[in-house]
Amino acid sequence: MPTTDHLVETVTSLVEDAVTAPSMHNAQPWRFVHRAGTRVLALYGDPSRSLPAGDPDGRGLHLGCGAALFNLRVSAAHHGWDAAVELLPDPRDPWHLADVVLQEPGPADPGPADLYPAVRQRHTSRFPFSDERIPGEIVDGLRGAALLEGCRLIVPGSWHSDAVLDLVRDAALFESADAALREEIASWTRTGKAGEGPAIEGIPSYALGPRQYGVSAPARDFDAPRDLPGRAVAAFETRPQIALLGTMDDSPADWLRAGQAMERVLLQATLDGLSTSLMSQPLEWPELRALTREPGSLTGFVHMVFRFGYGPRGVATPRRPVGEVLSVE
């Protein structure tokens, strides 16, 4: 049994990797609790970092925390541990999202350690991608990554892809007409102006990417008021390559599974040389969310829309120090 100090050191390293996960507006809505002297690490959602206007049901919060949970699993495997996960272990506490027990791995159980190099390489790219098509074998690998986490990755046909992109544009119009939502987004955008939130969270101006010429690939524009001077304008790809991640059911446990699948797909795509971004906008509106699903699909509920392609990798966005998100009890 490792010493308490060694366990704390290991857990700290795992959490440092876990928190590189993406989250809605980079709100980082997670906290971790390590029970001293044990191999148990608990993951909690942080209600103080929820987004009441954009994420009233907590779907995005669960997705982000699920992504952090998957990164923790990858890091554990890299450090020679198997991470046994129990989702929603306490029915009395909905913010207690998971318990993770570090165990010795079996001889034929390498876990997801092969994905570890991508944990620090993966960044959201809000830049244009080329029109080069992604090989089918890479797409099949991304589908397989989602299946390993109990989810399905659907690559839509032409008409379905156009319909989803139309919904993304519709969501942008809804967003522009919702003052509370625009105010919330602005509160998580960091442009260097006085009075903004801390620089260890949110979306910094250097990660915004260029303003879009046309609307073929509507990455979310965190500078919709056009307050940032000198921002470049660029044409994006004419046929964005997108994929939809979904599950059969739509419970908090499904959202956590989808978050883990989302991160597994993103890490695999990064290793495959793809740039990635997430388009959650239509999924944030109940009246649009159901329309993203293809009629007759086995995917009952869509939780994320991915945009894949070849182009500039995104840049790292800030993260809170581990001391703010990990406590030892």
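In this report, contact means heavy atoms within 4.5 Å. The model is predicted, so local features need pLDDT of at least 70 and side-chain atom pairs count only at pLDDT 80 or more, while totals for chains, interfaces and linings use all residues. Residues are numbered from 1 along each chain as its sequence is written, and side-chain values use heavy atoms, with hydrogens and water left out.

## Nonpolar cores

Leaving aside neighbours within four places in sequence, L245 is in contact with A146, C151, R152, L153, A258, A261, M262, F301, V302, H303, M304 and F306. A nonpolar core is a set of buried Ala, Val, Leu, Ile, Met, Phe, Trp, Tyr and Cys residues joined through side-chain atoms within 4.5 Å. Buried denotes under 20% relative accessible area, exposed over 50%, and partly exposed the range in between, with a 1.4 Å probe and protein chains only. The largest nonpolar core has 49 residues, of which V15, W30, F32, L245, F306 and F308 touch the most other members. Helix 2 (residues 59–78) gives the most to this core, with eight residues. A second, separate core of 10 residues includes L167, A171, I203 and L288.

Helices (H or I, at least four residues) and strands (E, at least two) are DSSP runs, numbered from the N terminus. F32 lies in strand 1, which spans residues 30–34, and F32 is buried at a relative accessible area of 2%. Apart from residues up to four places away in sequence, F32 touches V15, A18, V19, L41, A42, L43, A68, L72, V325, L326 and S327.

Most residues other than glycine have a negative phi. N26 has a phi near 55 degrees, a positive value in a residue other than glycine. Q28, which is not a glycine either, has a positive phi of about 55 degrees. N26 is placed in the loop between helix 1 (4–18) and strand 1, and Q28 is found in the loop between helix 1 and strand 1. N26 is buried, with a relative accessible area of 3%; Q28 is buried, with a value of 1%.

Two packed helices are described by the angle between their axes and the distance between the axes. Here the axes are lines fitted to C-alpha atoms, for helices over the stretch in contact, and angles run from 0 to 180 degrees between N-to-C directions. Angles under 35 degrees count as roughly parallel, over 145 as roughly antiparallel, 65 to 115 as roughly perpendicular and the rest as oblique. A crossing is left-handed if the near helix is turned anticlockwise from the far one by less than a right angle, and right-handed if clockwise.

| Helix pair | Crossing angle | Axis distance |
|---|---|---|
| Helix 4 (residues 136–148) and helix 7 (residues 252–271) | roughly 150 degrees | within 8 Å |
| Helix 2 and helix 7 | about 55 degrees | 7 Å |

Helix 2 is therefore oblique to helix 7, and helix 2 passes helix 7 in a right-handed crossing. The helix 2 side of the contact consists of R59, H62, L63, C65, G66, A67, L69, F70, N71, R73 and V74, and the helix 7 side of P252, W255, L256, A258, G259, Q260, M262, E263, R264 and L267. By class, this contact of helix 2 with helix 7 has 12 nonpolar, five polar and four charged residues. In this classification, Ala, Val, Leu, Ile, Met, Phe, Trp, Tyr, Cys and Pro count as nonpolar, Asp, Glu, Lys and Arg as charged, and the others, Gly among them, as polar. Within helix 2, H62 is buried, with a relative accessible area of 8%. Leaving aside neighbours within four places in sequence, H62 is in contact with L97, P252, W255 and L256.

Helix 4 and helix 7 are roughly antiparallel to each other, and their crossing is right-handed. L142, A145, A146 and L148 in helix 4 meet A261, R264, V265, Q268 and A269 in helix 7. Seven nonpolar, one polar and one charged residues make up the contact of helix 4 with helix 7.

## T270 and L271

T270 is buried, with a relative accessible area of 4%, whereas L271 is partly exposed, with a value of 36%. Not counting residues up to four places away in sequence, T270 touches A118, Q121, R122 and R313, and L271 touches D114, L115, P117 and A118. The C-alpha atoms of L271 and R122, 149 residues apart along the chain, are separated by 8.8 Å. For F32 and L271, 239 residues apart along the chain, the C-alpha separation is 27 Å.
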